[in-house]
Number of protein chains: 2
Amino acid sequence: MRELRGSVLQASLPRLVRRGAWGHARRLLEKSHPADIAQVLDRLTEADCKAVFDLIRSGEIRAAVLAMLESETRARLLSDLPTSDAAEILRHMPQDDAAQVLRELPDEVADDVLTHMGEEGEELGQLLEYPESTAGAIMSPTYIALPAGIGVQEAIERVRRHSDAEGSFYVYVVDDHGALVGVLSLRQLILQPPDKRLQDCMVTNPIRVTTDTDQEEVAGIVARYDLLAVPVVNASNQLVGIVTVDDVIDVLREEATEDLLKLAGTTVEEVTSPGLLRGAWIRIPWLVASFVGGLTGIFLLDRFEGVFYQAVQVAFFLPIILGMGGNVGSQCAMVVVRGLATGQLDPSSIGRAVLHQIGTSVLLASLFALALAGWATWLGYGAPRLPLAVGLGIFASMTTAATIGTLLPILFSRVGADPAIASGPFVTTSSDLMGILTFGSIAGMLI
Amino acid sequence: MRELRGSVLQASLPRLVRRGAWGHARRLLEKSHPADIAQVLDRLTEADCKAVFDLIRSGEIRAAVLAMLESETRARLLSDLPTSDAAEILRHMPQDDAAQVLRELPDEVADDVLTHMGEEGEELGQLLEYPESTAGAIMSPTYIALPAGIGVQEAIERVRRHSDAEGSFYVYVVDDHGALVGVLSLRQLILQPPDKRLQDCMVTNPIRVTTDTDQEEVAGIVARYDLLAVPVVNASNQLVGIVTVDDVIDVLREEATEDLLKLAGTTVEEVTSPGLLRGAWIRIPWLVASFVGGLTGIFLLDRFEGVFYQAVQVAFFLPIILGMGGNVGSQCAMVVVRGLATGQLDPSSIGRAVLHQIGTSVLLASLFALALAGWATWLGYGAPRLPLAVGLGIFASMTTAATIGTLLPILFSRVGADPAIASGPFVTTSSDLMGILTFGSIAGMLI
């Protein structure tokens, strides 16, 4: 099994490198899949990583490995190669991967490499013009486009000649001006009688995206219509590239990771970043926001000082009242964020969803209000006023937090901001403050 | 553009249904993609949804639409159809989708439908035997398998005859016992000279999974090796099915959603679930766990009662100290959970990652400790003891929370539990309690 081989490589290669058994290591590499080699290289020290990469002879495999490395490892390897070697490797890479690699390099290095690549560099340079995270930036300009008037047999002959076209499981049909008019899968093509013309057997008006379509939307379309590749057209409907399903999978994974980490106020970089200071720096914005919220909380609590002098036990209930509010608030926020991301919540269903979230939370808040008031009574804390205050306090805290958690992500998405950011820092901090305010006021009135 | 058509359908169909313009609606449906129809049906009322579904004449399109609906909508539609109609629709569905639909039905209904399907039902029944979330459960048993000894020309002929094989972009090569020995993409096949034998041009020892491989692992392999489909073999290495990339995308999206919602202590069901009671019921377990944690917190705070009588201001700092701990703890937990999910954290790199997480957090904790102590001094709260106590308190709370947040998911994954659960309820609750304990003790000693 290939999967087994991956783990064999991972177990043996570092050992062979330590022992300096280079001949052995090279033979092992020759039998390994580039994806597995990349995974091992990502985990080696800088010097070992370079030594192992130099063992790989084939330009094609070097290119495939390089394309699959984590960006830090790749940057380190490339920064040590002479420009001509880098250009040589990029020439072996599918153009969409090469563009991705060049985007990561400093501008002047990238320009140098492009110049060294000659004509291929010019074509690649055009890809780099598209803004990041658009279909243009992730598309591959190698695809098979054929005129509508030719027959199936000739089409198959032409496919044979395009031996380098990546992801060529579809044959696209274009008119005289290069505009996209149809598509056929390779499979549909070979099922047709040899003399039928493409225009008579193609699927017309195929699903497409434009060069400026956001990559997340591209991924959504490929996923929704179960495509293996989606054609990319320019403003004049001319076919200029394709985005293949493997790139879509990368986009989907990337976005899922980003969303998750954004909820915790950190970024993808932190998962791979090596420096402590850098790691701390990435987290600081959210922590500072939350710290400022906390300081505001101190200020608010100070205003309710009288309550604490009357009944110090009120303070014991702060953590549970704020904590339960925060929990319900994040639950609502997550459900809304994910609903917006997957498209299950849209303008037509959002009103009902908001009512549902808040209704559920009112139900839960009532339940825990009774439980907490009961518990306080049982503890003998100044019944009946304190139990009443903490019961109402947790009810108010949970319902306001739920409202904030439900509405904030929707508000963010309305103004074009990322709802995932709303549900991390903003929901917890603002529900904490609202909780202090409502609980403090209730306790102030009752005690 | 197809995408446009989707939104046209969404805007017009509900209006046509309201006006009772069925003829018009039917014509619109005939021009629409099943994925778009499914999306609109998911948003219609129960009665309208049934009426629109009945407008679709073609069994094939009915099947395609049904396969793409959300499970609730599907269950509602199917429960109203006579068994024979349901069987007829499932017959038009790819077998992996049909198996998925049957899994959602009550056992006796599913058995009825299978009996109605005759021979096809038997084959389908075998798929249902595989446990959920395994390769066996999501695989399609339709693929093209050819003997190694035949020539390329004959292979192409045979592909033409298998016109119903889903995802047939690969041709698998098997030996006399049905064991998988090689693979060729359709494209590689047509590039070969017609008289070459498959065994001389196939890729040997292809990447494969077994029927009991977890679906998440299957998705990881397809993503890692950029495959369009992965073959599934049984314990004797016999080819029994394939998992196609479109199913892998569904698995990846499902898992990302699940992870995200698990972190907030809720489930996928909540995003689509209609009932308030059901919604509340799903959330209760985590909220109860967190409530019990909160009650324990009250008990702990009660033991530090003396401190609050001495200096009631100590209470004002509880929310910020616990809140900052919770934040850092979740940041660490998210980074670890995501690292484990994407495979960037593995046994070889985990030690360094743990040190990195805790180191970063110590750095951040020192920073906020100074800031908070400074702030308390500036507020004039019983310097120097109270500022010292809150500074040390926030430091202790943040570092313990970071340790818990980093180690708990790792511990969970070691014992085979889901690390995402650890980082939701467990991290916040246990870091709250540890925060109260350390801050209370420090304040008790100093004040």
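Trainee: What makes B:Glu88 and B:Arg91 a salt bridge?
Mentor: Their closest N and O atoms are 3.0 Å apart. The definition asks for a side-chain nitrogen of Lys or Arg within 4 Å of a carboxyl oxygen of Asp or Glu. The pair passes, so the name applies.

Trainee: What are the ground rules for these values?
Mentor: This is a predicted model, in which local features need pLDDT of at least 70 and side-chain atom pairs count only at pLDDT 80 or more, while totals for chains, interfaces and linings use all residues. Side-chain values use heavy atoms, leaving out hydrogens and water; residues are numbered from 1 along each chain as its sequence is written, and chains are lettered from A and ligands numbered from 1 in the order in which they are written.

Trainee: Where do B:Glu88 and B:Arg91 lie?
Mentor: Both are in helix H7 (residues 83-91) of chain B, 3 residues apart, about one turn of the helix. A helix here is a DSSP run of H or I with at least four residues; a strand is an E run of at least two; both are numbered from the N terminus.

Trainee: Why is B:Glu88 called partly exposed?
Mentor: Its relative accessibility is 38%. Buried means under 20% relative accessible area, exposed means over 50%, and partly exposed is in between (1.4 Å probe, protein chains only). B:Glu88 therefore counts as partly exposed. B:Arg91, at 32%, gets that label too.

Trainee: What makes B:Lys50 and B:Glu46 a salt bridge?
Mentor: Their side chains meet at 3.3 Å, N to O. They are 4 residues apart in helix H4 (residues 46-55) of chain B, which means a separation of about one helical turn. B:Lys50 is buried at 18%, whereas B:Glu46 is partly exposed at 41%.

Trainee: How many salt bridges are there over all chains?
Mentor: The search of the whole structure finds 16. Of those across the interface of chain B and chain A, the rule finds 2. The side chains of B:Arg224 and A:Asp36 meet in a salt bridge at 2.4 Å, N to O.

Trainee: How many residue pairs are in polar contact between chain B and chain A?
Mentor: The count is 12, with both residues at pLDDT 80 or more. A polar contact is a pair of N or O atoms within 3.5 Å; within protein, one must be able to donate a hydrogen and the other to accept it, and residues adjacent in sequence count only if both atoms are side-chain atoms.

Trainee: Which element gives the largest share of the side of chain B that touches chain A?
Mentor: Helix H18 (residues 276-303) of chain B, with 16 residues. That side of chain B divides into 65 nonpolar, 32 polar and 21 charged residues. Ala, Val, Leu, Ile, Met, Phe, Trp, Tyr, Cys and Pro count as nonpolar; Asp, Glu, Lys and Arg as charged; the others, Gly among them, as polar.

Trainee: What area do chain B and chain A bury between them?
Mentor: About 10900 Å², 67% of it on carbon and sulfur atoms. Buried area is the accessible area (1.4 Å probe) that two parts lose on being put together, summed over both. The contact takes 118 residues from chain B and 119 residues from chain A. Contact means heavy atoms within 4.5 Å.

Trainee: What rotation superposes chain B on chain A?
Mentor: One of 180 degrees, with 0.1 Å of shift along its axis and an RMSD of 0.2 Å. That is the relation of a two-fold axis. The same surface serves both copies, as 99% of the contact residues of chain B recur in chain A.

Trainee: Why is A:Thr429 called buried?
Mentor: Its relative accessible area is 17%, so it falls under the cut-off. A:Thr429 sits in helix H24 (residues 419-446) of chain A. Leaving aside residues up to four places away in sequence, A:Thr429 touches A:Ala289, A:Ser290 and A:Gly293.

Trainee: What is noted about the phi of A:Asn237?
Mentor: A:Asn237 has a positive phi of about 65 degrees although it is not a glycine. Most residues other than glycine have a negative phi. A:Asn237 is in the loop between strand S6 (229-233) and strand S7 (239-244) of chain A.

Note on methods: Copies are superposed by least squares on the C-alpha atoms of residues with pLDDT of at least 70 in both.
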